[in-house]
Structures are given as structure tokens and as C-alpha cells.
Amino acid sequence: MTEVNVVKEEGLQKSILSKFAYMEGKVTIKRPRRIFAEVELSNFRNIFDYITKDLNFNIMCMITGLDEGENLSFIYHLAHFNGIMIDLKTYAPKNNPVIKTVTDTFPGSDLYERELVDLLGAKIDGLPNGTRYPLPDGWPEGQYPLRKDWNREMLDKKKEN
């Protein structure tokens, strides 16, 4: 890790912690140019807005959704023009996985959010109306192929009914 990157990464980490003390122990430098932060869903938008607007992480690379058992987690991969990335992770209970859209900040993120809806069953509050993605229009409701408890037989049984 070069000294220049350490200063930038540590400075960004300190900036987040000085504004949001409750993030202590939840913002880590994983490797050069990569910061990871885990935030409660109730605090997500405050942190997200600070990182994107005040710290200028203004490139949305992607959103990753994961089934972690009782929760679905969502990792927002954000980049800065200096080459540093921050992975901002939040989670919601699988039985009610409601998160707010970030299309007001990154309009192009609607595609990633539609994937979360189709593949994991997330509910995205504020997501503009649009077509399904990536599953076809005829895909059965309630069938989320990236959930750990889903299997192909569930789809076949839906088609038989």
C-alpha cells in the first residue's frame, strides 16, 4: 500500500467516523483503494448521501444483493475519480426486504434495483415504474432464483398450476 493511498483512505475513514461516531468499527480499509462500511438500514441514506455528495464518490459501479439467511444484504459499490472505491453494505429482513431507491442520486441504478426485485424479492421504495429485469415478463410472482431456499422444482410446480 503506497503512503499516498494510505493517507487518502485513512482520511476518508476518519471523515466518515468523525461525522458518524456510531460507525466506529464498521468502516475498514480492506486493501489499497478499497474501503468497506456496514451500516444499519435506518442510517443508510444519511451515510450514502454523505459519501456521494460530500466525499464525492459519484460513480455507481453496481449494487450486489445477497441472501444471508434471515436477511438480504445490499452492497453499493461506489467509486471516486481518484480510484478509491467504497463498498457500502446494508441489510433488511428477508421477510420484509424494503429498501429505498437511490435513483434520485444515480438514475442509472434503476437497472441494478430491478435485478434486486426480480432475483431476490427486494422491495424498492420509490423505484420508478418500468419493465421487469432480468427475468421474463411471464416469470411467476414470488419466485426469486437467487434466494438460497429457491430451487427449480418450485418454478416447475408454479407452471403446472
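The dialogue below reads several features of a predicted model of a protein chain.

Me: Which secondary structure elements does the protein chain have, and what pattern do they follow along the sequence?

Reply: Start by listing the elements, then read them in order. In this predicted model, the protein chain has four helices and seven strands. Along the sequence they follow the pattern α-β-β-α-β-β-β-β-α-β-α.

Me: What are the overall dimensions, and how much of the chain is buried?

Reply: Overall numbers come before local ones. Along the principal axes, the C-alpha atoms fill a box of roughly 60 × 30 × 30 Å. The chain has 161 residues, of which 43% count as buried. The accessible surface comes to about 9,000 Å², with 51% of that belonging to carbon and sulfur atoms. As for charge, the mean positions of the 22 positive and 24 negative charges are 1 Å apart.

Me: In which sense does β5 pair with β2, and in which with β4?

Reply: Take one neighbour at a time. With β2 (residues 34-38), strand β5 (residues 85-93) pairs in the parallel sense over five bridges. Arg34 has Met85 in β5 as its bridge partner, and Glu38 stands opposite Lys89 in β5. With β4, the pairing of β5 is antiparallel and runs over nine bridges. One partner to look up there is Leu88 in β5, which bridges to Tyr76. The hairpin of β4 and β5 has five residues between the strands, and Gly83 takes a positive phi near 95°.

Me: Is β5 mostly covered or mostly open?

Reply: Count its buried residues. Seven of the nine residues of β5 are buried, so the strand is mostly covered, buried being under 20% relative accessible area.

Me: Which residues of α3 are buried, and what do they pack against?

Reply: The buried residues are Glu113, Arg114, Leu116, Asp118, Leu119 and Leu120. They pack against β3, β4, β6 (98-100) and β7 (123-125). After α3 comes Gly121, with a positive phi near 80°.

Me: Why does Ile16 count as buried, and which residues is it in contact with?

Reply: Compare its accessible area with the cut-off, then list its contacts. Ile16 is found in helix α1 (residues 3-19). Ile16 counts as buried because its relative accessible area is 1%, and buried means under 20%. Leaving aside neighbours within four places in sequence, Ile16 is in contact with Val27, Tyr50, Ile51, Leu55 and Ile86. Another pair to examine is Ile16 and Ile47: they are 31 residues apart along the chain, and their C-alpha atoms are separated by 8.0 Å.

Terms used: Residues are numbered from 1 along each chain as its sequence is written. This is a predicted model: local features need pLDDT of at least 70, side-chain atom pairs count only at pLDDT 80 or more; totals for chains, interfaces and linings use all residues. Side-chain values use heavy atoms; hydrogens and water are left out. Helices (H or I, at least four residues) and strands (E, at least two) are DSSP runs, numbered from the N terminus. Buried means under 20% relative accessible area, exposed over 50%, partly exposed in between (1.4 Å probe, protein chains only). Accessible areas come from the Shrake-Rupley method with a 1.4 Å probe; for residues, only the protein chains shown count as cover. Lys and Arg count as positive and Asp and Glu as negative; His and the chain ends are not counted. The place of a charge is taken as NZ of Lys, CZ of Arg, CG of Asp or CD of Glu. Two strands pair if DSSP finds at least two bridges between them. Contact means heavy atoms within 4.5 Å.
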